[in-house]
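Try each task before you read its solution.

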Amino acid sequence: MTTRHETLIDRGTQLFSEKSSLNSLHQEIAEHFYVERADFTVQRYLGRDFASNLSTSYPLIVRREMANAISSILRPSELNWFAATVQDD
């Protein structure tokens, strides 16, 4: 008879093993579009040849422009996001 914690550990192990194929897909996509965060299945080390698989910077530029577009769409233009003030005169 398995205890509750053993059942949870077994279920967690099963879920992580099922997620490995999804992590491989995320790794492949990130290596092309978001190299800085491409650490789903590999560990980054200092001194490793960074973004050596890319032949052009176009995918990185497209990702940056899309992120900027999404943030500008979500930000209401009539709302002030910050104001410069001082605490003491």
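**Exercise 1.** Find where Ser20 sits, and decide how exposed Ser20 is.

*Solution.* Start with the secondary structure: Ser20 is found in helix 1, where a helix is a DSSP run of H or I with at least four residues, numbered from the N terminus. Next, check the cover: Ser20 has a relative accessible area of 40%, so it counts as partly exposed (buried is under 20%, exposed over 50%, partly exposed in between; 1.4 Å probe, protein chains only). Bear in mind that this is a predicted model, where local features need pLDDT of at least 70, side-chain atom pairs count only at pLDDT 80 or more, and totals for chains, interfaces and linings use all residues. Residues are numbered from 1 along each chain as its sequence is written, and side-chain values use heavy atoms, leaving out hydrogens and water.

**Exercise 2.** Work out what helix 1 does at Ser20.

*Solution.* First get the extent: helix 1 covers residues 4-33. Then look at the axis, which bends by about 35 degrees at Ser20 (the angle between axes fitted to the seven residues ending there and the seven starting there).

**Exercise 3.** Which residues of helix 1 are buried, and what does Asn23 touch?

*Solution.* The buried ones are Asn23, Gln27 and Ala30. Take Asn23: its relative accessible area is 15%. Now skip its neighbours within four places in sequence, and Asn23 is in contact (heavy atoms within 4.5 Å) with Phe40 and Thr41.

Methods. Helices (H or I, at least four residues) and strands (E, at least two) are DSSP runs, numbered from the N terminus. The expected span of a helix is 1.5 Å times one less than its number of residues.
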